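User: I am new to this structure. Please take one part of it and walk me through that part closely.

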Amino acid sequence: MTAFSGLKHTLLAEQVEEQLYDYITKLPMKAGDKLPNEFKLAEQFGVGRSTIREAVKLLVSRNVLETRRGSGTYVKELVPADLDPLNLRHVEDKVSLAMDLVDLRLILEPGIAELAAYNATEEEISRLKELCDTTEYKIEHNLYYIQDDIDFHTYIARCSKNKVVEQLISIIETAVLMFVNITHRQLMKETITTHRAITKAIADHDPIGARSAMTMHIAYNRSLIKKIYDEREKPAEP
């Protein structure tokens with residue numbers, strides 16, 4: 001295998017890794033569920049079995065999958081280890097955790113967006129628009145967009161120019177990922193609309209507008225998670 005073909009194989013495996021993770025979260029699968037065999041996955045994603053094996057290895061290294069000799073490949077965790085620096089994936093009650101995280105986001109992120117509207121440079125605003133457009137495109141075309149959504153929010157935190165806020169980026173990353181995994185791609189229309197509003201307010205250096213748009217964005221998220229939480233807490237009908 002030449003260096004070029006090796007690089008091509010690696011890049012393809014990374015692409016399939018994203019698609020496979022998206023497949024797991026969209027079904028949705030849960031910890032302990034078994035994946036289809038290599039043949040079926042290769043057929044589904046239109047690649048060779050070796051690429052599937054490499055993609056599975058990448059997700060194993062991120063603690064999402066585990067392989068059991070003679071049995072197959074199973075889901076281990078829905079939240080990759082590298083996107084969970086707070087080690088919250090071991091909390092069993094994911095819905096309650098999602099509520100706690102979205103409440104924390106509601107405290108933090110509107111103020112962070114306000115700071116970004118004060119401090120973002122024109123170059124940073126241009127990059128933020130790109131992230132907004134990319135997330136929107138992937139949502140509309142039913143592509144894997146979770147990492148782009150995370151990048152959008154964490155970039156706003158970087159635009160705040162606040163050194164303490166930058167240390168909170170890991171919390172934002174975990175919270176966004178947890179929300180998407182719990183809600184399974186609901187609120188996509190609302191995400192597009194509020195992302196646009198946040199981006200425009202920051203681009204216009206409108207701090208109050210940025211705070212308001214971010215508040216609305218997270219309020220949508222909280223409303224949906226609260227609905228899921230309340231439905232789970234309803235007593236079973238006799």
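Analyst: Start with Asp148. At 12% relative accessibility, under the 20% cut-off, this residue counts as buried. Note that the model is a predicted one.

First, the surroundings of Asp148. Setting aside neighbours within four places in sequence, Asp148 touches Thr134, Thr135 and Lys138. Take Thr134: it lies 14 residues from Asp148 along the chain, and the two C-alpha atoms are 7.1 Å apart.

Now the whole helix. H6 covers residues 146–159. It has 14 residues and spans 20 Å from its first C-alpha to its last, close to the 20 Å expected at 1.5 Å a residue. Just after H6 comes Lys161, with a positive phi of about 65°.

How much of H6 is buried? The count is 11 of its 14 residues, so the helix is largely enclosed by the rest of the structure. Asp148 belongs to this set, together with Ile146, Asp149, Ile150, Phe152, His153, Thr154, Tyr155, Ile156, Ala157 and Cys159. For the chain as a whole, 46% of the 238 residues count as buried.

What packs against H6? Take helix H8, residues 169–183. The axes of H6 and H8 are 9 Å apart, and the angle between them is about 150°. That makes H6 roughly antiparallel to H8. Their crossing is right-handed. On the H6 side, the contact uses Ile146, Asp149, Ile150, His153, Thr154, Ala157 and Arg158. On the H8 side, it uses Ile169, Ile172, Glu173, Val176, Leu177 and Val180. By class, the residues of this contact divide into 8 nonpolar, 2 polar and 3 charged.

An α-helix has 3.6 residues a turn, so residues three or four places apart point the same way.

Next, helix H9, residues 188–203. The axes of H6 and H9 come within 12 Å and cross at roughly 25°. H6 and H9 are therefore roughly parallel to each other. This crossing is left-handed. H6 brings Asp149, Phe152, His153 and Ile156 to the contact. H9 answers with Thr191, His195, Ile198, Thr199 and Ile202. Sorted by class, the contact of H6 with H9 holds 4 nonpolar, 4 polar and 1 charged residues.

Step back to the chain. Its secondary structure comes to 10 helices and 2 strands. From the N terminus, the order is α-α-α-β-β-α-α-α-α-α-α-α. Among contacts between residues at least 6 apart in sequence, 71% join residues at least 24 apart.

Glu114 lies in helix H4, residues 94–119. At 17% relative accessibility, Glu114 counts as buried. Beyond neighbours within four places in sequence, Glu114 is in contact with Pro207, Ala210 and Arg211.

To recap H6: the helix is largely enclosed, with 11 of 14 residues buried. H6 runs roughly antiparallel to H8 and roughly parallel to H9. Asp148, where this tour began, touches Thr134, Thr135 and Lys138, leaving aside neighbours within four places in sequence.

Terms used. Residues are numbered from 1 along each chain as its sequence is written. This is a predicted model: local features need pLDDT of at least 70, side-chain atom pairs count only at pLDDT 80 or more; totals for chains, interfaces and linings use all residues. Side-chain values use heavy atoms; hydrogens and water are left out. Axes are lines fitted to C-alpha atoms, for helices over the stretch in contact, and angles run from 0 to 180 degrees between N-to-C directions. Helices (H or I, at least four residues) and strands (E, at least two) are DSSP runs, numbered from the N terminus. Angles under 35 degrees count as roughly parallel, over 145 as roughly antiparallel, 65 to 115 as roughly perpendicular and the rest as oblique. A crossing is left-handed if the near helix is turned anticlockwise from the far one by less than a right angle, and right-handed if clockwise. Contact means heavy atoms within 4.5 Å. Ala, Val, Leu, Ile, Met, Phe, Trp, Tyr, Cys and Pro count as nonpolar, Asp, Glu, Lys and Arg as charged, and the others, Gly among them, as polar. The expected span of a helix is 1.5 Å times one less than its number of residues. Buried means under 20% relative accessible area, exposed over 50%, partly exposed in between (1.4 Å probe, protein chains only).
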